[in-house]
Structure formats: C-alpha cells, structure tokens
Amino acid sequence: LHMNPSKRTASKLRYAIDYLALCAWAFWMGGFSFYFGVVIRVGSDVVGDSSQGFITQAATGWLNFAAMVALVLMLASACMSRSWLSLGVWVILAICQAILFVLHARLDAMLDTTSQTILAPESFPSTHEWYEFTSAIQWLFAMIYQGSWLAAHSCERRNEQSSDKNS
C-alpha cells in the first residue's frame with residue numbers, strides 16, 4: 001500500500017496490458033476453438049463441404065487478424081513478466097502464425113471465390129492439411145502459453161505476499 005507513484009503507475013500499466021492480453025487471447029483461442037470445433041461441422045452439414053470451405057476462407061482472415069492483435073499484447077505481457085517460458089512459447093506461436101499467413105495466401109491463390117471452385121485440386125488438399133496441422137500446433141502452444149502465464153503470475157503474487165510479510 002506504500003508504493004511510490006511511479007511503481008503504482010507501472011503496476012497499473014502492467015495490469016492493463018495483462019488484462020488486454022488475456023482478453024485478446026480468449027477472443028482468439030475461443031473463436032478458433034468454437035469455429036473449428038463446431039461451426040465447420042455444422043456449416044458443412046447445412047451448406048456442404050465446398051461452400052463451407054469458402055466461408056472458412058473468409059473467416060480465417062479475421063481469425064488471423066485476431067491472432068496478430070493477441071500476439072502483440074501477449075508479447076508485451078510476456079516481456080513485462082520476464083518469463084522465459086512465456087517468451088519462448090510466444091516465439092513458437094509467432095512462427096506458427098507466420099507459416100499460417102504463407103499457407104493462407106497459397107490456399108487463397110488456389111481458390112476462385114466468384115465461381116466457388118478450387119483452381120488447383122491436386123495441390124489444395126496437402127496445403128490445407130499443412131494449414132490444419134500448423135493451426136493445431138499453434139493451438140497447443142497457445143494453451144501452454146496460457147499455463148505459463150498463469151504460473152508466472154502466481155509466482156509473482158506469492159513473492160509479493162512474502163515480501164509484504166517480511167516488511
């Protein structure tokens with residue numbers, strides 16, 4: 001409670017960044033999990049696999065945007081917490097996102113949205129499988145990131161409580 005003003009400001013800034021990072025992570029991963037776990041299956045049943053694929057093409061652009069916002073905030077949070085585990089996992093998430101951008105561009109080039117046809121039916125399936133594989137790896141590491149973030153913050157709280165008792 002006797003914190004100097006600059007420490008109090010830094011603490012509030014850190015709390016705001018952590019909060020925004022958590023919200024962005026939840027939006028990104030919650031959207032990803034719901035979309036790939038529910039919407040794709042339901043959409044395929046309602047409009048068919050091919051039409052659902054073109055809906056997914058458009059939706060993943062927004063999902064990639066959400067990922068970029070989350071990754072920027074998560075990097076700021078990880079740097080402020082000085083957690084090497086969080087930073088290391090963040091690097092893997094960023095690499096996966098870069099790969100997803102490249103694969104998404106390749107998949108887009110193989111699709112004609114006007115006629116809703118696949119222009120390269122021989123190479124589309126393997127590229128799409130790599131996209132799905134990379135997405136799954138990214139999802140796994142996003143869960144690991146969140147666990148490392150929670151662990152780092154729990155440690156910090158314990159250390160703060162311990163130092164408060166010793167003061």
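# Cavities, pocket and helix packing

Student: Which residues line the second largest cavity?

Tutor: This is a predicted model, in which local features need pLDDT of at least 70 and side-chain atom pairs count only at pLDDT 80 or more, while totals for chains, interfaces and linings use all residues. Residues are numbered from 1 along each chain as its sequence is written, and side-chain values use heavy atoms, with hydrogens and water left out. A cavity is a set of points on a 1 Å grid over the protein atoms alone where a 1.4 Å probe fits but cannot get out, and its lining residues have an atom within 4 Å of a point. For the second largest cavity, the lining is A21, L22, W25, M74, S77, Y145, Q146 and W149.

Student: What is the volume of the second largest cavity?

Tutor: Helices α1, α2 and α4 each supply at least two residues of its lining, helices being DSSP runs (H or I, at least four residues) and strands likewise (E, at least two), numbered from the N terminus. The lining divides into 6 nonpolar, 2 polar and no charged residues, where Ala, Val, Leu, Ile, Met, Phe, Trp, Tyr, Cys and Pro count as nonpolar, Asp, Glu, Lys and Arg as charged, and the others, Gly among them, as polar. A volume here is the space filled by probe spheres set on the points, which are joined across faces, edges and corners. For the second largest cavity the volume is about 30 Å³.

Student: Which helix gives the largest share of the lining of the largest cavity?

Tutor: A search of the whole structure finds 2 cavities of 30 Å³ or more, and the largest holds about 60 Å³ of space. Its lining includes W28, F32, T60, Q97 and Y131, and it divides into 7 nonpolar, 5 polar and no charged residues. Although α1, α2, α3 and α4 each supply at least two of the lining residues, the largest share, 4 residues, comes from α2.

Student: Why is T60 classed as buried?

Tutor: T60 sits in helix α2 and is one of the residues lining the largest cavity. Buried means under 20% relative accessible area, exposed over 50% and partly exposed in between, with a 1.4 Å probe and protein chains only. T60 is therefore buried, because its relative accessible area is 4%.

Student: How much space lies in the second largest pocket?

Tutor: A pocket differs from a cavity in being an open set of points, with protein on both sides within 12 Å along at least five of seven lines. The second largest pocket is lined by 23 residues, with G53, T56, F124, H128 and E132 nearest its centre, and the elements giving two or more residues are α1, α2, α3 (84-109) and α4 (124-166). α2 gives the most, with 8 residues, and the classes of the lining are 9 nonpolar, 10 polar and 4 charged. The space in this second largest pocket is about 520 Å³.

Student: What is the handedness of the crossing of α2 and α3?

Tutor: The axes of α2 and α3 come within 10 Å and cross at roughly 160 degrees, so the two helices are roughly antiparallel to each other. A crossing is left-handed if the near helix is turned anticlockwise from the far one by less than a right angle, and right-handed if clockwise. The crossing of α1 and α2 is left-handed, and the crossing of α2 and α3 is left-handed.

Student: What is the phi of Q116, which is not a glycine?

Tutor: Most residues other than glycine have a negative phi. Q116 lies in the loop between β1 (111-112) and β2 (117-118), and it counts as partly exposed because its relative accessibility is 38%. Its phi is positive, at about 50 degrees.

Methods. Axes are lines fitted to C-alpha atoms, for helices over the stretch in contact, and angles run from 0 to 180 degrees between N-to-C directions. Angles under 35 degrees count as roughly parallel, over 145 as roughly antiparallel, 65 to 115 as roughly perpendicular and the rest as oblique.
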